[in-house]
Amino acid sequence: MLADVAIRYGLDVIDPPIPRSIRFAEAPAVGHSIMRTARRTPGAVAYRVLARRLAGLPDDPDALAFLSAAAAGVRPQIDLTEPARDRA
């Protein structure tokens with residue numbers, strides 16, 4: 001659908017898309033960001049991937065694998081508590 005929007009309206013779309021989640025609504029309600037309340041959800045991981053791309057940093061392969069698994073409906077088994085450089 002995002003590709004169709006990009007072509008039809010000539011707009012740039014972000015990649016990866018940010019999945020919708022109730023966690024995003026809950027985070028501001030308790031006065032925190034999604035990174036503090038639910039940092040291991042697919043939406044929070046997608047935000048981190050997008051932020052790295054916007055900053056010109058390389059992708060975290062574990063984060064991409066996490067998002068692929070989540071998009072396929074599989075519960076991701078990757079521990080993303082620390083950045084990839086700290087998990088080596």
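Good morning. I begin with T41, which touches R23, I34 and F66 when residues up to four places away in sequence are not counted; touching, or contact, means heavy atoms within 4.5 Å. This is a predicted model, in which local features need pLDDT of at least 70, side-chain atom pairs count only at pLDDT 80 or more, and totals for chains, interfaces and linings use all residues. Residues are numbered from 1 along each chain as its sequence is written, and side-chain values use heavy atoms, with hydrogens and water left out.

Where is T41 found? T41 lies in the loop between α3 (34–37) and α4. Helices here are DSSP runs of H or I, at least four residues, numbered from the N terminus. T41 counts as buried because its relative accessibility is 16%, and buried means under 20% relative accessible area, with a 1.4 Å probe and protein chains only.

I turn now to the core. The largest nonpolar core consists of 6 residues: V45, A46, V49, A63, F66 and L67. Such a core is a set of buried Ala, Val, Leu, Ile, Met, Phe, Trp, Tyr and Cys residues joined through side-chain atoms within 4.5 Å. At least two residues of this core come from each of α4 (42–54) and α5 (61–71).

How do these two helices meet? Their axes, lines fitted to C-alpha atoms over the stretch in contact, come within 10 Å and cross at roughly 140°; angles run from 0 to 180 degrees between N-to-C directions. The contact involves P42, V45, A46, V49 and R53 of α4, together with A63, L64, F66, L67 and A70 of α5. Thank you.

How values were computed
Buried < 20%, exposed > 50% of the residue type's maximum accessible area, 1.4 Å probe, protein only.
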